[in-house]
Amino acid sequence: IANRREGIGVCGWILVSLSFLLVLITFPISIWACPKVIREYERAVVFRLGRILSKKAKGPGMILILPCTDTFIKVDLRMVTCKIPPQEILTKDAVTAQVDGVVHYRIHSAISAVANVSDVHSATLLLAQTTLRNILGTQSLAQLLAGRGEIACSIQATLDRATEQWGVKVARVEIKDVRIPVAMQRAMAAEAEAARETRAKVVAAEGEMNASRALKQASMVLAESPAGLQLRYLQTLTTLAAKNNSTIVFPLPMNMFGNLGQKSKGA
C-alpha cells in the first residue's frame, strides 16, 4: 500500500483548491490551525483526501496542513523496548518451561508502519511471542540453557525478516529468564550431585593407585639399602617426638630385626 501512487482526481483538486481558498479567507485565524510542529525524533505521514501525500514522511520541523482535506499521523522513530510475557513452551525433549524475553526495535519507515499494518507495536509484540514459541519448541532443554545467545540471534533474524514490510528494524532480542518445574530442578540437582560424586570417587581411586605405586617403588629402594630403612625409622621417631601427644615409643636396634629374619630362614 505504501508503494502505490495514484492521483486524487479532478474532484480532489477542486476540494484542495477550495481548502486553499478557505485558508486565504480566514488567514488571520487559519495561521494558528494549519502549521504543525514535528519533533526531531518524529515523522508525520500526511493524508490528503485519504491518500498518502508523498513517498517520504514529513519532518522534522514545521509542516502545513490544509483544513478539511488533510490529516496526519505522527510516528515515533525512537528505539522501543518491548517485554515478551512469559511463554509456556514444550521443548524438543518434552520438558515444560516458561521463557520470557526482551525485544528492542525501532521504526525506520513511517509510511510503511502506518499504511501496511494497523498497530505496528501490537503486531510486533505478538509476532515476537509466536516466533519465540516456535523456535524454542525445536530446541532441547540443554540447548536452551546453554545456547541462549545463538537462539536470540535466530529469533532476531526471523523477526527482522517478518517485520521488514512494516518498516520495523529489530535491533536486539534477549532471552531474559528460563523457568523449569521444581521436580525437574530437583532431578537436575540430583543428577549433578551424582556426577560430582562419581568424579570424586574416580579421583580418589587414582590417588590410591598412584600412592600404591609410589610405596612399591619406595619399598624396592629400601630393600636395596638396609641402612636406608634404619634412617627412615629414625625419621619416623623424630616426627612422632615433634608432636604433642602421649605416644610412648620403644626404639629397638634394627639389627635385631635382621637376626630374627635370619633365624626364621634357618628354621
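# Briefing on a predicted single-chain model

Ala94 sits in the loop that runs between strand β6 (80-90) and strand β7. The structure is a predicted model, and the points below move from the chain as a whole to individual residues. Within this model the secondary structure of the chain amounts to nine helices and eight strands, and 27% of the 267 residues count as buried.

**The chain as a whole**

- The accessible surface of the chain comes to about 18,200 Å², and carbon and sulfur atoms account for 60% of that area.
- When contacts between residues at least 6 apart in sequence are considered, 68% of them join residues at least 24 apart.

**Backbone features in loops**

- Ala94 has a phi near 60°, which is a positive value in a residue other than glycine.
- With a relative accessible area of 60%, Ala94 is exposed, because the cut-off for that class is over 50%.
- Leu49 likewise is not a glycine and has a positive phi, in this case of about 55°; Leu49 belongs to the loop between β2 (42-48) and β3.
- The relative accessible area of Leu49 is 33%, and Leu49 is therefore partly exposed, given that this class lies between 20% and 50%.
- The peptide bond leading from Gly59 to Pro60 is cis, with omega near -5°, and Pro60 is placed in the loop between β3 (51-52) and β4.

**A nonpolar patch on the surface**

- Leu49 also takes part in a nonpolar surface patch together with Ile14, Leu15, Leu18, Leu21 and Ile25, and these residues have about 550 Å² of accessible area together.
- Ile14, one of the patch residues, is located in helix α1, which covers residues 9-25.
- Ile14 has a relative accessibility of 45% and so counts as partly exposed, since that value falls between the 20% and 50% limits.

- Asp100 is part of strand β7, which spans residues 96-107.
- Although Asp100 is buried, it has no salt bridge, and the nearest side chain of opposite charge is that of Arg179, at 4.2 Å; this pair does not qualify because a salt bridge requires the side-chain nitrogen to be within 4 Å of the carboxyl oxygen.
- The side chain of Asp100 does reach the backbone nitrogen of Asp177, at 2.9 Å.
- Leaving aside residues up to four places away in sequence, Asp100 touches Ile84, Pro85 and Pro86, and also Ile175, Lys176, Asp177 and Arg179.

**Gln129 in helix α4**

- Gln129 is found in helix α4, made up of residues 120-136.
- The relative accessibility of Gln129 is 16%, so Gln129 counts as buried, the limit for that class being under 20%.
- With residues up to four places away in sequence left out, the contacts of Gln129 are with Ile84, Pro85 and Gln87; Ile84 and Pro85 are also among the residues that Asp100 touches.

**Cys68 in a loop**

- Cys68 occupies the loop between β4 (61-64) and β5 (70-76).
- Cys68 has a relative accessible area of 74% and is therefore exposed, as this value is over the 50% cut-off.
- Cys68 and Arg48 are 20 residues apart along the chain, and their C-alpha atoms are separated by 9.2 Å.

How values were computed. Residues numbered from 1 in each chain as written. Predicted model: local features only at pLDDT ≥ 70, side-chain atom pairs only at ≥ 80, totals over all residues. Heavy atoms only, no water. Helix = DSSP H or I, 4+ residues; strand = E, 2+ residues; numbered from the N terminus. Buried < 20%, exposed > 50% of the residue type's maximum accessible area, 1.4 Å probe, protein only. Contact = heavy atoms within 4.5 Å. Patch = residues over 30% accessible without salt bridge, like charges linked within 9 Å, V, L, I, M, F, W, Y side chains within 5 Å. Areas by Shrake-Rupley, 256 points an atom, 1.4 Å probe, with all protein chains shown as cover. Lys, Arg positive; Asp, Glu negative; His and termini not counted. Polar contact = N/O pair within 3.5 Å; in protein donor to acceptor, adjacent residues only side chain to side chain.
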